[in-house]
Amino acid sequence: MNVRFDPAYRLRGRLRPPSDKSISHRAALIAAMASEPVQIRNHLDAQDTRSTLTAIQQLGAVVEPRDDELVVRGGGLRNANMPTGAIHVGNAGTLMRLLPGWLSFQIGASFTLDGDESIRRRPVDRIAEPLRRMGAGIEARDGRFPPFTIHGAALQGIEYELPVASAQVKSCLLLAGLTTDATTVLEPVATRDHTERLLLRARAPVSRQTIKNGGHRIMIRNADELELDAIDVPADPSSAAFLIAAGALVSGSRLVLEGVGVNWTRVGFIRILERMGAIVLSELEPEGSFSEWEPVADIDVRHGPLEGTAVSAEEVPLAIDELPLVALVGCFAQGETVVSGAGELRVKESDRIATVVDGLRSLGGDVEALPDGFVVRGTGGLRGGRLDAAGDHRLALLGAVAGLASAEGVEVVGMEAADVSYPRFAEDVARLAG
Ligand code: S3P
């Protein structure tokens, strides 16, 4: 589906962006692992999170929609049922990498996971290797890609330093660690910590120490069961980021985004934008905080002049999904914007270094790829044109925002990709544009 986004005169108003995708995946999974029913309020209804609901149902959980909430009745930690066919994760990398943590300790059971074309290009060796060390059996296509099969076993605890800064890998190992004497995951730099927070909330024995460079040592031990009653999912800072960028780029704009999650491990993009001179008013959670709650705030954005900036490797995991937007904003800023230490972008839903660079160039941007990032020379704006979403939701949304802020508008080829995280983007923007 091709959708045209014309230059906006200005964007004004208030709205609540869609609910958090990362937290919705985790809430459904952890609810399925809990012994008592769990109410999930404001669960995200999008393609990716539907894949997770289908997966937990296949594994024996009952999911009941009730007004604007879901009730999940799981069978407990050790009761995942073997499904008749493969578990299809669709486009959801988070489901693909977190679910095996739970499946790996279903003693004697085997589970095969597969997904769409994009998922089949995304590496799973990063979870297979440590899960094997814990005792699970894993077979993957070419040793590292889906489809892959997990053979559950009694697990032993490990101490594991993440070779890539990945919240998905960390989360997988923490879930697997729930049946071990002690499992420790070392993350050299901080990554999103929603799994730790939810596990803490579910009374699991999880603790965390801060190490140098702001990284963490996270410890987890055996839990008999998980106890949770209700989870409230905040609005997604990664989806909000598209509206924040639009508000910062379209002149005369003033937006208030309500109820957005401002967990410090997720708001790197807001900090980068502030450094570029954007006016983004909000009460962000102080860096280093850790509690069982997810902080929430309203975010007030206004258009203003912008300057280029450099994004360092430690900041990358805190803004990983928003780095394409940093490139877009860089096109409108004065001077150079450089992102480095972000090689992980190459193994996202698309190779986001290649697709962002090609996409922005096709709209008139002066952008160059680096092996682990990009350099953008700001030219004060973008002409517009056509951008192919390459099946990647964040690229489709990037094209849409580029259109609103461009001189001539942008036609996004494959806008349906946005359904993965933000199905009603076009309607939200139409409302804000009046
Ligand atoms: C996610 C973690 C990040 C992010 C992805 C969601 C999560 O991936 O890019 O969109 O929910 O844990 P990595 O952990 O692979 O960096």
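Predicted model: local features only at pLDDT ≥ 70, side-chain atom pairs only at ≥ 80, totals over all residues.
Reader: Are helices α7 and α8 roughly parallel or roughly antiparallel?
Author: Helix α7 spans residues 237–249 and helix α8 spans residues 268–275. Their axes come within 10 Å and cross at roughly 15°. Angles under 35 degrees count as roughly parallel, so the relation of α7 to α8 is roughly parallel.

Reader: Is the crossing of α7 and α8 left-handed or right-handed?
Author: A crossing is right-handed if the near helix is turned clockwise from the far one by less than a right angle. The crossing of α7 and α8 is right-handed.

Reader: Which residues line the largest cavity?
Author: The structure holds one cavity of 30 Å³ or more, and the largest cavity has a volume of about 40 Å³. Helices α7 and α8 each supply at least two residues of its lining. By class, this lining has five nonpolar, no polar and two charged residues. The residues are P237, A241, R266, V267, F269, I270 and E322.

Reader: Are α3 and α4 roughly parallel or roughly perpendicular?
Author: Helix α3 covers residues 93–103, and helix α4 covers residues 125–134. The two pack with their axes 10 Å apart, at an angle of about 10°. Because angles under 35 degrees count as roughly parallel, α3 and α4 are roughly parallel.

Reader: How many charged residues has the contact of α3 with α4?
Author: M96, R97 and P100 in α3 meet R126, I127 and L131 in α4. Arg counts as charged, while Met, Pro, Ile and Leu count as nonpolar. By class, the contact has four nonpolar residues, no polar ones, and a charged count of two.

Reader: Which helix gives the most to the lining of the largest pocket?
Author: The helices α1 (21–33), α3 and α5 (167–176) each supply at least two residues of that lining. With four residues, the helix that gives the most is α1.

Reader: Which lining residues lie nearest the centre of the largest pocket?
Author: About 580 Å³ of space lies in this pocket. Its lining divides into 14 nonpolar, ten polar and 16 charged residues. Of the 40 residues that line the pocket, those nearest its centre are A165, S166, A167, I320 and K348.

Note on methods: Residues numbered from 1 in each chain as written. Heavy atoms only, no water. Axes fitted to C-alpha atoms, helices over the stretch in contact; angles between N-to-C directions. Parallel < 35°, antiparallel > 145°, perpendicular 65-115°, else oblique. 1 Å grid on protein atoms, 1.4 Å probe; cavity = no way out; pocket = protein on both sides within 12 Å on 5 of 7 lines; lining within 4 Å. Points joined across faces, edges and corners; volume = space filled by probe spheres on them. Contact = heavy atoms within 4.5 Å.
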